[in-house]
2 protein chains.
Amino acid sequence: MGDEHKAPPAKPRRISQRGIATRERIVEAANRLMFVRGVNATTLDDVREASQTSKSQLYHHFDDKQELVRAVVKYRGALVLEREHGRLERLKSFSGLVRWRNALVQANSLQNGAYGCGLGSMAVELSDQDEQARSMLLETFAAWEKLISDGLHRMRQGGTLAEDADPDKLATGLMAALQGGYLLANAAHDVAPMEVALDMALEHIRSFLVEPGAATR
Amino acid sequence: MGDEHKAPPAKPRRISQRGIATRERIVEAANRLMFVRGVNATTLDDVREASQTSKSQLYHHFDDKQELVRAVVKYRGALVLEREHGRLERLKSFSGLVRWRNALVQANSLQNGAYGCGLGSMAVELSDQDEQARSMLLETFAAWEKLISDGLHRMRQGGTLAEDADPDKLATGLMAALQGGYLLANAAHDVAPMEVALDMALEHIRSFLVEPGAATR
DNA sequence: TGTTGTCTGGGCTATTTGGTCCTATAATCG
DNA sequence: CGATTATAGGACCAAATAGCCCAGACAACA
């Protein structure tokens, strides 16, 4: 794939441990703020204050706000993928899928459905505004879906899932249900719609189980 | 003092036809701009220019930007509900559901998945920012879902849908799939994920048909 | 038709916000 | 150690943006 972005003429800049730590602090603070307030509603002053840094540091580590936003997209994407990797890498049964569902629902219920999905919210806010951010988010979604579809593939190879099941489509459908669930839960400030959405998707996947009766629940 | 919203003490303001027209023009312009750029990225100057009005008119018809945003939420909600009412009021068969799906997919494909759902985008951007807007959006979603579940109820009463089908949950699941589909399609700038998501939800509903073979497609 | 209150044009203000700059301090390396 | 470069502090700037105001045109109604 074409690596469009990235600074072209590698600038061999010396970098200290302290500098790395500061940058990290900035990205983390921006991430937190943008999660609860949204990207556009978060100002650089907010970030500066929350990260206990100064304006010059923001601009030392990032060209402009857009770059900071992109760094947050990358950071958050990595976090989600790491978390999801841990949860999905060994997925190979329907009950594993149910556990995965439960973890997401529980996490979201802790905040009464508020804030939605960190990735989904950014996607909505940035997709028609920052092409590069959009493509990063798109890649992250693809990677996330792949973690799911890999699990479904394993289920199929293990004979749990029927041969005619399409893991890729099932994964996309499940992801859509998850994102739509997050969205509705956010609007309702209540996890319930998210549960219904995920359950529908799981029910659909269950219909592809070789021995439906064997499923937990 | 603490008068949250609405000015109940009926202010008997005279209102002219011209005033109404201007207000309409402002809301329409704001609606269009906010649809493509997002709410927070749309400035009052943008609205003023697009609506061919002046600053004083904006503030004559709306207390502040937040009020304008809420007017847009209301306006857009009414538009969507009107459209959906037309499409769903006579729904009483699975093939009708398929036609409904096709209409949404086709409309979205015209813009290559961009912009997403007018309601969903606003919900993401406003839910954690404007409580009143959130509750209006929540109501609109509820009304939209009701149009769907009413149709499903008719299908059930007509014997098309099995007795044990839960129209409300099916409608919520379908709405989540739709919203998630919009979101992923927006990130991908491609309708495909939306189609997959809707098809999953329809497949799930199909599994509740009394005579599965009778379904079109 | 005159009076009252609405509607409009557009200039103006205060504040916010992204972004710059200059100086001082801390690392890093020869 | 001394030179050099990264890092930090924070004042400063210019543009953008929400919001205000007043004078005058226009509509409604007596």
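How many residues does the contact take from chain B, and how many from chain A? In this predicted model, the contact takes 42 residues from chain B and 42 residues from chain A.

## The contact between the chains

On the side of chain B that touches chain A, at least two residues each come from helix H6 (118-126), helix H7 (131-157), helix H8 (167-188) and helix H9 (192-206) of chain B. The most is given by H8(B), which supplies 15 residues to this side of chain B. Sorted by class, the side of chain B that touches chain A holds 22 nonpolar, 15 polar and five charged residues.

Of the interface residues of chain B, 100% are also interface residues in chain A, so the copies meet through the same surface.

## Symmetry

Chain B is superposed on chain A by a rotation of 180° with 0.0 Å of shift along its axis, at an RMSD of 0.1 Å. This is the relation of a two-fold axis. In chain B, the C-alpha nearest the axis belongs to B:Gly180, at 1.9 Å from it.

## The surface near DNA strand D

Around DNA strand D there are 25 residues, of which A:Arg14, A:Gly19, A:Thr22, A:Ser56 and B:Ser56 come nearest. Two or more residues of this surface are given by each of helix H1 (17-37) and helix H3 (55-61) of chain A, and likewise by helix H1 (17-37), helix H2 (44-51) and helix H3 (55-61) of chain B.

The largest share of the surface near DNA strand D comes from H3(A), with four residues. By class, the residues of the surface near DNA strand D comprise three nonpolar, 12 polar and 10 charged.

Key. Residues are numbered from 1 along each chain as its sequence is written. Chains are lettered from A and ligands numbered from 1 in the order in which they are written. This is a predicted model: local features need pLDDT of at least 70, side-chain atom pairs count only at pLDDT 80 or more; totals for chains, interfaces and linings use all residues. Copies are superposed by least squares on the C-alpha atoms of residues with pLDDT of at least 70 in both. Two residues are in contact if their C-beta atoms, placed from the backbone, lie within 7 Å. Ala, Val, Leu, Ile, Met, Phe, Trp, Tyr, Cys and Pro count as nonpolar, Asp, Glu, Lys and Arg as charged, and the others, Gly among them, as polar. A residue is near a molecule or strand if its C-beta atom, placed from the backbone, lies within 6 Å of it.
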